[in-house]
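Work through the exercises below with the coordinates open. Try each task before reading its solution.

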Amino acid sequence: MKHISKQGLGCMSISEFYGAPLPDDEAITLISTAYKNGINFFDTADVYGFGRNEIVVGKAITALAAEGVERSNIILASKCGIRRDENNPMVRGVDNSYDYVKECCDKSLARLGESVGYIDLYYIHRVAADGAQLEETMRAMAELLEAGKIKAVGLSEANPEMIKKANSALVTLTSGKHKLAAVQTEYSLMTRAIETNGVLNTCRELGITFVAYSPLSRALLTDEITTQKSLSDGDFRTTLPRFQDEALEHNKSIVRQIQVIAEHKNCTTAQVALAWVLQKPGVIPIPGTTKIKHLLANIQAEQVHLSETEMRALDELGTAKGYRYTEAAMKAYGFVDELNS
């Protein structure tokens, strides 16, 4: 991929899951502020807000274009592969079929608008049936690449075997012109599975950029969530195991250890946690936020340098208590290895 900022902006929280959606004008201002402060990588998906997230991100890019920003200076990532229906909550699943991928891409491009024109990085959001559809998925991706509708291909939440299989198929189908450009998985001081399950090593071996979503563990690493009552109505974190009372108390003890380093560095715990991810080779974090003050603080984390001793101390912190999603969601998305660990 072309030049990419040290961190991106995860746009999901603008539209859903963390309470009331951000009004469009505020969302556009947030994305514009991110771009004007050095971030050129924006991450959305077709299921965020049932498509509304792509619409508002498209509006923001259109607004930047109206100010003279070249489209080529922006890297837009979107995703497909999860089925949801706003009118029927029972419709929920993973579909990586050839026809569905092609259909989703066209719908995403329509929502994003003419000023966007193409998707720089197009992910499979979740991998279906242990990768059984990956050959046809990559055939669809190869055709989208050839048509210029997308510029690069990624996977989200894939194991090493899936990564290798998809990468090999894409290389073959594009006669060596393209390989997987990125793999996205949750990664933070609270979520470290990729360090031991082979995902991070596989990405490094194949020269694939690793994109870390929720690098602040859904604000658990900000030290702003003291009790579950800190969360607003409609915030999906109220259902997550890590935010339940007993687990939260344990996880706050980890945050307090990070706070010791933060006080020494004269910065916030969130900035230490984000700096830790930023200093991992080949990793680009995409923290999400709806507040400009948090956005700017995240950008300032790039100026926080952690010594080898500090990095080692953070590496050796205890593990978080509680699954990162509900047990039902973990099973639905195939995160069985984590359930059994």
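Axes are lines fitted to C-alpha atoms, for helices over the stretch in contact, and angles run from 0 to 180 degrees between N-to-C directions. Helices are DSSP runs (H or I, at least four residues), numbered from the N terminus. The model is predicted: local features need pLDDT of at least 70, side-chain atom pairs count only at pLDDT 80 or more, and totals for chains, interfaces and linings use all residues. Residues are numbered from 1 along each chain as its sequence is written, and side-chain values use heavy atoms, without hydrogens and water.

**Exercise 1.** Classify the packing of helix H5 against helix H6.

Solution.
- Take H5 (residues 134–146) and H6 (residues 160–173): their axes come within 9 Å and cross at roughly 45°.
- H5 is therefore oblique to H6. Under 35 degrees counts as roughly parallel, over 145 as roughly antiparallel, 65 to 115 as roughly perpendicular, and the rest as oblique.
- List the contacts (heavy atoms within 4.5 Å). Among them are Met138 and Met141 of H5 and Ala166 and Leu170 of H6.

**Exercise 2.** Do the sort for H6 and helix H7.

Solution.
- The axes of H6 and H7 (residues 199–206) come within 9 Å and cross at roughly 25°.
- So H6 and H7 are roughly parallel to each other.
- Pro160, Ile163, Lys164 and Asn167 of H6 meet Val199, Thr202, Cys203 and Leu206 of H7.

**Exercise 3.** Which residues does Phe210 contact, leaving aside its neighbours within four places in sequence?

Solution.
- Phe210 touches Val183, Thr185, Tyr187, Ile194, Val199, Leu200, Cys203, Gly282, Val283 and Ile284.

Note on methods: Helix = DSSP H or I, 4+ residues; strand = E, 2+ residues; numbered from the N terminus.
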